[in-house]
Amino acid sequence: MNIVIIGATSAIAKASARIYAERNESLFLIARNESRLVELCSDLKVRGAKSVGTAMLDINKFNEHEKALDSAAEFLGSIDIALICHGSLPNQQQVEINFKSAQKEINTNGVSVISLLTILSEKFITQGHGTIAVITSVAGDRGRQPNYVYGAAKSMVSTYLQGLRGRLFPHKVNIVDIRPGLVDSPMTAGMKKGALWSSPEKVASKIVKGIDNGKHTIYAPAYWRLIMIIVCAFPEFIFKRLKF
Amino acid sequence: MEVSGWGRHPVTTADILEPVDSEMLKKIVTAQKKSDSLICRGAGRSYGDSSLADKIISSRFLDSFLELNETQNTIRCGAGVSLDAILKLCIPRGLFLKVVPGTRYVSVGGAIAADIHGKNHHVDGSFCNHVQSISLMLASGEIFFCSEHENSELFHASCGGMGLTGIIVDATIVLDKISSTSIQQQSLVANNLRECFDLLEENNSSKYSVAWLDCLSRGNELGRSMVFLGEHVDASQSKQNSNSTLKYRASRGINIPFSTPGFLINKLSMSIFNKTYFNLKKAGKQKSNVNYNSFFFPLDNIGIANWNKLYGSKGFVQYQFVIPSDAAFEGIQQVLNKVSSAGKGSFLSVLKKFGPENKNLLSFPKEGYTLALDFKREEQIFPLLDELDQIILEHDGRIYLTKDARMSEAVFKAGYSNWEDFLKIKTQFDPSCIFASKQSNRLGLS
Ligand SMILES: Cc1cc2nc3c(=O)[nH]c(=O)nc-3n(C[C@H](O)[C@H](O)[C@H](O)COP(=O)(O)OP(=O)(O)OC[C@H]3O[C@@H](n4cnc5c(N)ncnc54)[C@H](O)[C@@H]3O)c2cc1C
Ligand SMILES: NC(=O)c1ccc[n+]([C@@H]2O[C@H](COP(=O)([O-])OP(=O)(O)OC[C@H]3O[C@@H](n4cnc5c(N)ncnc54)[C@H](OP(=O)(O)O)[C@@H]3O)[C@@H](O)[C@H]2O)c1
């Protein structure tokens with residue numbers, strides 16, 4: 001299989017790529033940090049990847065998206081799986097009061113993904129097969145005080161994916177929305193970790209399994225589906241008083 | 001955040017930093033002030049306080065494989081790669097680590113920093129004997145390539161140097177070729193310590209050897225034990241075909257969320273020991289082919305990943321020492337007598353024969369015998385361990401740093417005669433002494 005991963009140096013992406021490498025798949029990695037891309041490339045080759053290509057991309061340079069994805073298509077031939085992983089967890093206090101920061105975060109977590117999806121959709125329609133999987137977040141399920149800018153960007157992507165799923169269905173392209181809960185990755189460095197936290201490796205194994213099985217929405221791990229049903233069930237008059 | 005070693009004592013509050021690459025690592029190291037201590041931590045399998053400090057750098061994201069050379073049988077990888085990950089990669093390719101400890105869940109960095117040993121020390125030496133080179137980040141933020149030939153002083157200080165010279169970023173390790181993952185195991189009974197020593201001595205040419213000792217037996221039965229010997233099965237000599245035998249096997253037990261009362265661990269180990277001991281005694285001697293997991297990593301296979309919680313909420317202390325061959329029998333007999341008459345030691349202890357020591361300044365192994373004992377942590381054991389320290393020193397022995405949580409500076413310095421040379425090199429490369437652990441502060445190394 002041929003797989004392109006965007007935001008490939010993220011901890012969850014790296015762990016997913018390793019699973020594919022162990023299955024001897026071909027990978028194309030897109031990320032912004034060159035030395036880490038090179039390192040990941042060697043790692044995946046050692047683990048058994050059939051071939052690994054790379055391209056550098058700062059995800060907020062929207063006009064470079066097409067070129068990066070073209071080079072992926074050129075390297076891989078057809079693309080069986082596109083996995084979009086990049087993201088950033090904003091400083092909520094800052095984005096609440098500073099629109100420029102909020103805009104940047106919404107671009108990173110939301111708009112950039114939509115730009116990538118627009119380009120990928122055309123490629124996948126032409127191919128007539130494949131899976132596009134995107135890591136969103138349980139934070140998109142309901143806006144909450146401590147992270148609603150991040151949540152809004154993620155929910156924008158989730159909503160977009162629901163519509164896109166219908167559009168690409170006749171073309172035999174599956175759309176997977178991956179919603180991790182709390183993951184012990186560099187994104188959450190310094191936060192106190194507890195029982196509900198998962199490792200990037202655990203989340204990655206859920207992602208790969210979900211893609212294998214043609215799932216639509218994956219809560220990773222699965223108990224987050226239940227947690228979010230409960231979170232979403234709170235009446236607004238109570239919820240607006242909650243700080244979590 | 002609260003952190004501890006595998007023995008869950010002592011517990012300290014630390015900031016844990018998790019750099020994703022050497023650039024980020026460099027930022028952390030060069031920003032470090034003298035006023036608080038900074039140490040690297042791998043998988044946290046050392047028992048005491050050697051990976052504890054005010055600031056802890058975790059190597060968990062420095063976990064890439066960089067190169068596998070199947071003609072020279074070497075692997076270069078990040079310091080945060082676990083030995084388990086190496087085995088998973090290498091076994092299907094017919095390669096194996098030259099030295100493995102009693103658990104697969106240690107990092108390459110931790111294995112080098114403690115210069116760990118396996119059941120084959122008498123034949124193959126310790127882990128660092130098979131480390132071709134390391135890349136070490138110094139206090140200045142520079143990365144030095146160190147090997148036997150390049151920066152060799154720094155190499156021999158850092159191998160076994162408990163993270164005090166700098167941070168190992170990656171390493172190149174020489175691997176062994178195997179044709180099967182099976183180990184031909186031979187199990188023998190020893191009715192007392194003398195017999196146990198004799199068996200280990202007689203079987204000195206066996207690649208792997210180790211003895212499990214019942215620490216609570218006394219009198220004529222003092223040191224009653226089982227000796228396990230092992231060799232890699234050669235697939236070409238046996239009926240199995242190598243495709244089916246070169247299989248990595250994962251086994252991760254469940255995590256128990258709470259500590260259990262301390263007596264359970266003794267019950268568990270006692271029942272395992274007694275069952276095997278009496279069966280073996282009936283049979284006299286036993287030969288069988290076993291999977292590498294059960295031979296090397298029995299503790300990884302008991303079905304509980306965090307079995308250290310079985311020792312109760314106060315944690316435990318492991319005490320491992322080595323005594324040179326000529327004094328070993330007498331010294332170990334004295335130790336066992338003391339422990340069994342105090343009735344304090346945990347039931348099971350492990351005895352091994354060591355081969356000659358290497359050039360690393362703070363490495364633990366030296367020609368002789370090593371015994372490892374567990375003690376549930378309670379106040380009475382500390383004076384007992386102080387007494388054991390004296391027996392060890394009287395017999396020209398020393399105590400393993402990666403297991404230690406309590407030895408005094410004097411005991412350390414008496415046991416490790418190269419400590420001054422080590423300190424000289426540390427000071428040369430870390431003049432402000434930013435790398436320090438709770439242990440190194442206690443032992444006068446920082
Ligand atoms: C069940 C069990 C069985 C064991 N059996 C054996 C055995 O048979 N033989 C044996 O020798 N040991 C054995 N050990 C001990 C273990 O191998 C050592 O404690 C080893 O150092 C643990 O590695 P770690 O990655 O967990 O290191 P940690 O516990 O995280 O750290 C140990 C030391 O290494 C240093 N360190 C870690 N990473 C780096 C780095 N990247 N750069 C510089 N310094 C670093 C730390 O500062 C610290 O001083 C056993 C431990 C357990 C829990
Ligand atoms: N961690 C969690 O608790 C959690 C929970 C739910 C959802 N998620 C989502 O999971 C995904 C993966 O995150 P992670 O947990 O694996 O954290 P991570 O390791 O910090 O990954 C985030 C990645 O996004 C990349 N990135 C950020 N801004 C970028 C930009 N402008 N251009 C290019 N790349 C950029 C980062 O690149 P660099 O490597 O170069 O910094 C990094 O690789 C993200 O979408 C995140 O929102 C995470």
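This is a predicted model: local features need pLDDT of at least 70, side-chain atom pairs count only at pLDDT 80 or more; totals for chains, interfaces and linings use all residues.
Student: At what angle do the axes of helix H6 and helix H10 of chain B cross?

Tutor: Two packed helices are described by the angle between their axes and the distance between the axes. In chain B, H6 spans residues 193–202 and H10 spans residues 325–342. Their axes come within 11 Å, and the crossing angle is roughly 140 degrees.

Student: Which word describes how H6(B) lies to H10(B)?

Tutor: The axes cross at roughly 140 degrees. Angles over 145 degrees would count as roughly antiparallel, and 65 to 115 as roughly perpendicular. The angle of this pair therefore makes H6(B) oblique to H10(B).

Student: How many residues of the contact of H6(B) with H10(B) are nonpolar?

Tutor: H6(B) contributes B:Leu193, B:Arg194 and B:Phe197, while H10(B) contributes B:Ala328, B:Phe329, B:Ile332, B:Gln333 and B:Leu336. One residue of this contact is charged and one is polar. The number that are nonpolar is six.

Student: What area do chain B and chain A bury between them?

Tutor: The size of an interface is often given as the accessible area lost when the parts come together. Here 14 residues of chain B are in contact with 16 residues of chain A. Carbon and sulfur atoms account for 48% of the buried area, which is about 1400 Å².

Student: Which residue of chain A meets B:Asp63 in a salt bridge?

Tutor: Four salt bridges are found across the interface of chain B and chain A. In the one formed by the side chain of B:Asp63, the N to O distance is 3.2 Å, and the partner is A:Lys14.

Definitions and conventions. Residues are numbered from 1 along each chain as its sequence is written. Chains are lettered from A and ligands numbered from 1 in the order in which they are written. Side-chain values use heavy atoms; hydrogens and water are left out. Axes are lines fitted to C-alpha atoms, for helices over the stretch in contact, and angles run from 0 to 180 degrees between N-to-C directions. Helices (H or I, at least four residues) and strands (E, at least two) are DSSP runs, numbered from the N terminus. Angles under 35 degrees count as roughly parallel, over 145 as roughly antiparallel, 65 to 115 as roughly perpendicular and the rest as oblique. Contact means heavy atoms within 4.5 Å. Ala, Val, Leu, Ile, Met, Phe, Trp, Tyr, Cys and Pro count as nonpolar, Asp, Glu, Lys and Arg as charged, and the others, Gly among them, as polar. Buried area is the accessible area (1.4 Å probe) that two parts lose on being put together, summed over both.
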